[in-house]
Amino acid sequence: MGSSSGEEEGTNKWVPPSQRPELADVVPVGQDDGPCPVVSISYRDDFREVMDYFRALYSAGERSPRALHFTAEAIHFNPGNYTVWHFRRLVLEALDTDLLQEMNFVDQIAESNPKNYQVWHHKRWLAEKLGPDAANSEHEFTRKMLAIDAKNYHAWSHRQWVLQALGGWESELQYCNQLLEEDVFNNSAWNQRYLVITSSPLLGGLVAMRDSEVDYTVEAIMANPRNESPWRYLKGLYKGDNYLPVADRRISDVCLKVLKDDSTCIFALSLLVDLLRMGLQPSDELKGTIESMENCDPETSHVDLATAVCSILQKCDPLRISYWSWYRTTLS
Amino acid sequence: MGEPGELAADEHVRYIVTAEKKKDSFESLVMEHLRLSGAYWGLTTLDLLHKLQAVDAREVVDWIMSCYHPESGGFAGNVGHDPHVLYTLSAVQVLCLFDRLDVLDVDKIADYVAGLQKEDGSFAGDIWGEVDTRFSYISICTLSLLHRLHKINVEKAVEYIVSCKNLDGGFGAMPGGESHAGQIFCCVGALAITGSLHHVDRDLLGWWLCERQCRDGGLNGRPEKLADVCYSWWVLSSLIMIDRVHWIDKEKLAKFILNCQDKENGGISDRPDNAVDIYHTYFGVAGLSLMEYPGVKPMDPAYALPLDVVNRIFLRKQQ
């Protein structure tokens, strides 16, 4: 925390604002925290002094280079203080500052504060002003941030906004492939993939993409059957349609293949019972597999296949036994 | 006392009332601008534990009103900061706790919030235009508590929220955004308040939400993430609103929350053995309240206030 008195001087020793000649005419304004005993706060002294001077410049509405420098300093102390950012934008607008330089400034802050709402909003404000030319560099930046934390919600939101507002879809599906290669359990990347196949102006939409996406997803499931995300994605590919997933043998086949190796895979059992409920006529092989799994339980041997699958789920997912018990009641 | 698995209510009350942060602590620096939300977390927890009288109501109300911006009609997170809907809701909620909505210029505040609705039905958080389904909830909740929902285009607001629905039945921060338990609370809460829950696929979302329960009993906010006490609130309240809360293992969840307590000095942390903070203390106690834990007041899952407070607002004749 704490930085030099102005980002351009490059001095290493921090000088308290009260000892800086360029601020001699400013009368600091203290924070009035009132008498409320809940969440009372003691401030570190240097931070308090910086904020006292910030408040003075802010309440005077001073739109000057020194005010801009001072907001940078206050931001270094506390990048979450939204009022400092607000004031900075007012000063930036008044001074007609170079916005690319400002983007570099905020990128540096974002790198050390990747989950800060204010920082990402400031970036968006700048990107909006810079327009489509900013798309590629913004995508590069979120890529860099997602390389550090591939599930950072702020970075994803920003990336999606840039895609939809400024463009840059060209390599997005490839990027999803890359992230899923690195970590196939990354739900954010699966979510992004869904956005790309449904919204990219370059790919033709969900219906055009469905066939190849089913292959891709089945492969991902076979590699890691206990991964929640691709199972949900697979269902999402048939959004709202009860006929198509039942008719597409690849869907019931992936359930069967998984269950042969891992008879307690909740997601395979769950999708299977969904398919059965939607009217899947089970193959003899599928019937045989399920029956061999539950043949130790004579109670279920005479019920229909969907109910049998539900009773298996009740046993192998005890944390959610109430959900599966409810599901079972919907079958009759 | 001292048994593992009991709520250390007295210690939590003491922790909140004496939440004097250590000088030089990082939290003290970063909390300054959101002090009003801190007040909401702390005071709601006190009320849930039947100890709201431990603070001086008049002092609190005076301080809250010193965060008010009469020109805009919004509240700032602290004295001298800029107004934002986040803190406007916190201010209204705290005033509800003390039954002091009478100090407000209700129409002025409602106009501030309503003025932030955009053409597509979404809401910005302040004049700078950051849009997020969090702000849809905040605006709708604030206006409803003030009996002023008619000041916005509710139909459009609902339409925008529904446009953020995902293939898993959950909701994100904006259209296409990943489902996240916190955003789901906001969207389901806003839909509940506006009587629009028919847009939710309850069984699909309910299953996604109950899949958030991890082996340790705690809840996470997204697949493959660690459990965190705060999701006890976001997930449970959503499950209650869609009438599916019986799908999770409450006993295991309660144990997880109770294991996150600092039983000596009070406070609750995100995960067992981590440092406590006021945010997780609130979410832990609120989560227990939703599970009808003995000695804790029942909480309204949509308004995030004790049920008796919400009843007082809506059973009383409208202003």
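Rings of Phe, Tyr and Trp, the last taken by its six-membered ring, count as a pair if their centres lie within 6.5 Å. The model is a predicted one, and by this rule it holds 34 aromatic pairs over all chains. In chain B, one aromatic cluster is formed by Tyr40(B), Trp41(B), Tyr137(B), Phe185(B), Trp233(B), Trp234(B), Tyr279(B), Tyr282(B) and Phe283(B).

**Aromatic pairs in chain A**

- The ring centres of Trp156(A) and Tyr175(A) lie 6.3 Å apart with the planes at 40°, so this pair is tilted.
- Trp156(A) belongs to helix α7 (residues 153-166) of chain A and Tyr175(A) to helix α8 (residues 172-182) of chain A, so the pair ties together parts that are 19 residues apart in sequence.
- Both partners are buried: the relative accessible area is 4% for Trp156(A) and 2% for Tyr175(A).
- For Tyr323(A) and Trp324(A), the ring centres are 4.6 Å apart and the planes stand at 70°; the pair is therefore edge-to-face.
- Tyr323(A) and Trp324(A) are each buried.

**Helices α3 and α4 of chain A**

- Helix α3 (residues 82-95) of chain A and helix α4 (residues 99-112) of chain A have axes that come within 13 Å and cross at roughly 165°.
- Angles over 145 degrees count as roughly antiparallel, and α3(A) and α4(A) are therefore roughly antiparallel to each other.
- The crossing in which α3(A) passes α4(A) is right-handed.
- On the α3(A) side, Trp85(A), Arg88(A) and Leu92(A) take part in the contact, and they meet Glu102(A), Phe105(A), Val106(A) and Ile109(A) of α4(A).
- By residue type, the contact of α3(A) with α4(A) comprises 5 nonpolar, no polar and 2 charged residues.

**Chain A as a whole**

- Chain A contains 17 helices and 0 strands.
- Of the 332 residues in chain A, 56% are buried.
- Taking the contacts in chain A between residues at least 6 apart in sequence, 62% join residues at least 24 apart.

**Helix α6 of chain B**

- Helix α6 (residues 106-114) of chain B has the buried residues Val106(B), Ile109(B), Ala110(B), Tyr112(B), Val113(B) and Ala114(B).

Methods: Residues numbered from 1 in each chain as written. Chains lettered and ligands numbered in written order. Predicted model: local features only at pLDDT ≥ 70, side-chain atom pairs only at ≥ 80, totals over all residues. Heavy atoms only, no water. Axes fitted to C-alpha atoms, helices over the stretch in contact; angles between N-to-C directions. Helix = DSSP H or I, 4+ residues; strand = E, 2+ residues; numbered from the N terminus. Parallel < 35°, antiparallel > 145°, perpendicular 65-115°, else oblique. Left-handed = near helix turned anticlockwise from the far one by under 90°. Contact = heavy atoms within 4.5 Å. Nonpolar A, V, L, I, M, F, W, Y, C, P; charged D, E, K, R; others polar. Phe/Tyr/Trp six-rings, centres within 6.5 Å; stacked < 30°, edge-to-face > 60°. Buried < 20%, exposed > 50% of the residue type's maximum accessible area, 1.4 Å probe, protein only.
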